[in-house]
Amino acid sequence: MSTLPFHHNVVILTGASSGIGRAMALHLAAQGARLALAARNADALGEVAEQCRARGGEALAVPTDVSDPAQCRALVERAAAEFGRIDTLVNNAGISMWARFDQMQTLAPFEAIMRVNYLGCVYLTYYALPHLKQSRGRLVGVSSLAGKNGVPTRSGYAASKHAMVGFFDTLRIELLGTGVTVTLIYPDFVTSEIRERAFGPDGQPLGKGNSPVHEGEVMSAEDCARIAVRGMARRQREVIMGRGKIGQWVKLIAPGLIDRVALRAIERGR
């Protein structure tokens with residue numbers, strides 16, 4: 001019998017076509033996981049599924065927009081029908097923004113971000129939870145350090161991640177005694193295509209080559225995925241990365257300092 005924690009574990013993973021999601025998919029596949037991969041980009045998702053199979057995992061690509069509850073239900077039903085059960089749900093899909101609130105020319109991105117980052121978790125969890133209760137499985141939310149503290153230029157994103165955290169923290173209490181565990185992942189800046197798709201002040205994506213982050217100076221998606229999957233395997237309550245490890249304690253005694261640290265991080269892009 002394999003000692004790998006996700007060997008034959010049936011995992012639904014959203015946002016799997018790029019960035020942290022893609023890296024997590026490949027890491028889980030190397031352990032022999034049985035993956036139902038979801039994202040909007042069908043072509044990129046199919047490529048990731050092929051790479052997962054080459055690494056020894058089973059992979060089902062299910063193009064999904066998590067902001068649509070009907071598509072979330074279809075994803076869960078497809079995964080359950082294909083693999084016979086669901087052991088882990090990883091809510092990783094997300095979109096972001098990069099603009100001061102007082103410079104926004106439209107408020108449309110705020111609703112779009114909330115529908116994907118927060119309501120997408122609600123929809124998928126609602127349909128997957130009966131299966132997770134049967135398997136005494138894992139419920140995972142990939143948040144951000146912006147889910148712990150306000151971050152300038154990320155008001156809509158931070159709000160959605162705070163909402164996600166409140167939702168999963170509440171579920172953790174409600175699910176006591178069921179065997180279902182809740183793990184929240186808090187990455188710091190990570191190399192990812194998410195910033196290319198982030199909304200600017202005009203409500204349009206920033207586009208390729210316009211990332212405000214020094215991508216080569218922040219954590220790689222592969223390192224983030226490795227840490228996240230290890231925390232999932234251990235059923236940790238929280239997996240906090242980067243400067244967030246110290247920041248959560250500093251915030252208790254010097255919250256103003258954390259605000260200045262957040263501002264400096266955005267200004268420096270790392």
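Predicted model: local features only at pLDDT ≥ 70, side-chain atom pairs only at ≥ 80, totals over all residues.
1. After α1 comes Gly32, with a positive phi near 85°.

2. Most of α1 is covered, nine of its twelve residues being buried. Among them are Gly19, Ile20, Gly21, Ala23 and Met24, as well as Leu28. The packing partners of the buried residues of α1 are β1 (10-14), β2 (34-39), α2, β4, β5 and α6.

3. The axes of α1 and α2 (residues 42-54) come within 8 Å and cross at roughly 25°. Angles under 35 degrees count as roughly parallel, and α1 and α2 are therefore roughly parallel to each other. Their crossing is right-handed.

4. On the α1 side, Arg22, Ala25, Leu26 and Ala29 meet Val48, Gln51 and Cys52 of α2. Sorted by class, this contact comprises five nonpolar residues, one polar and one charged. Of the α1 residues in this contact, Ala25, Leu26 and Ala29 are also buried.

5. For helix α6 (residues 221-233), 13 residues at 1.5 Å each should span 18 Å, and the separation of the end C-alpha atoms, 18 Å, agrees. Arg235 follows α6 and has a positive phi, near 55°.

6. The buried residues of α6 are Ala221, Cys224, Ala225, Ile227, Ala228, Val229, Gly231 and Met232. They pack against α1 (19-30) and against the strands β4 (88-91), β5 (138-142), β6 (181-186) and β7 (238-240).

Note on methods. Residues numbered from 1 in each chain as written. Heavy atoms only, no water. Helix = DSSP H or I, 4+ residues; strand = E, 2+ residues; numbered from the N terminus. Expected span 1.5 Å × (residues − 1). Buried < 20%, exposed > 50% of the residue type's maximum accessible area, 1.4 Å probe, protein only. Contact = heavy atoms within 4.5 Å. Axes fitted to C-alpha atoms, helices over the stretch in contact; angles between N-to-C directions. Parallel < 35°, antiparallel > 145°, perpendicular 65-115°, else oblique. Left-handed = near helix turned anticlockwise from the far one by under 90°. Nonpolar A, V, L, I, M, F, W, Y, C, P; charged D, E, K, R; others polar.
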